[in-house]
Each structure stands twice: as C-alpha cells, then as structure tokens.
Amino acid sequence: MKVIGINGSSRKDGNTAIIIGKVFDELNKEGIETELIQLAGYDIQPCRGCFA
C-alpha cells in the first residue's frame, strides 16, 4: 500500500508539512510506503470557466 499526502499550504515546510510528516512516520513504522507532494511554489491559477 502507498499513501500520498498533498500539502496545499503556501509554506513548503510549515506546520501542515510537519503534521503530515508525523503521520507518515507512524505509517512507515507499519511498513506502508509514503510520498509527500507539496504545492508551494507552483503557479496554480483559479478556474476561468467559459472565459478561457
């Protein structure tokens, strides 16, 4: 099994990442593979709807 964590916070290594890391530590102890995806730094634009 693999668990993917997505951190949508604007701070790459902020509190959200720390909490996800703590959860991942416990999952890794159980032999579960984990991967963290951090969205900070990506230029994510809002939906433009029909006006694209």
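1. Buried here means under 20% relative accessible area. Gln38 has a relative accessible area of 16%, so Gln38 is buried. The model is predicted, and the values below are computed from that model.

2. Gln38 belongs to strand S2, which covers residues 33–38. Its side chain has polar partners. One is the side chain of Asp13, in a polar contact at 3.5 Å. Another is the backbone oxygen of Lys12, which lies 3.5 Å from a polar atom of the Gln38 side chain.

3. What is Gln38 in contact with, once neighbours within four places in sequence are left aside? The list is Asn7, Lys12, Asp13 and Ala17.

4. Asn28 sits in helix H1, residues 15–29. Asn28 counts as partly exposed, at 39% relative accessibility. Its side chain makes a polar contact of 3.3 Å with the side chain of Thr34. Between Asn28 and Gln45 the C-alpha to C-alpha distance is 34 Å, with 17 residues separating them in sequence.

5. How many disulfides are there? The count is zero. A disulfide needs two cysteine sulfur atoms within 2.5 Å. For Cys47, the closest cysteine sulfur is that of Cys50, 8.3 Å away, so the pair is too far apart for a bond. Seen from Cys50, the closest cysteine sulfur is in Cys47, again at 8.3 Å.

6. Are Cys47 and Cys50 buried or exposed? Cys47 is exposed, with a relative accessible area of 74%. Cys50 is exposed too, at 81%.

Terms used. Residues are numbered from 1 along each chain as its sequence is written. This is a predicted model: local features need pLDDT of at least 70, side-chain atom pairs count only at pLDDT 80 or more; totals for chains, interfaces and linings use all residues. Side-chain values use heavy atoms; hydrogens and water are left out. Buried means under 20% relative accessible area, exposed over 50%, partly exposed in between (1.4 Å probe, protein chains only). Helices (H or I, at least four residues) and strands (E, at least two) are DSSP runs, numbered from the N terminus. A polar contact is a pair of N or O atoms within 3.5 Å; within protein, one must be able to donate a hydrogen and the other to accept it, and residues adjacent in sequence count only if both atoms are side-chain atoms. Contact means heavy atoms within 4.5 Å.
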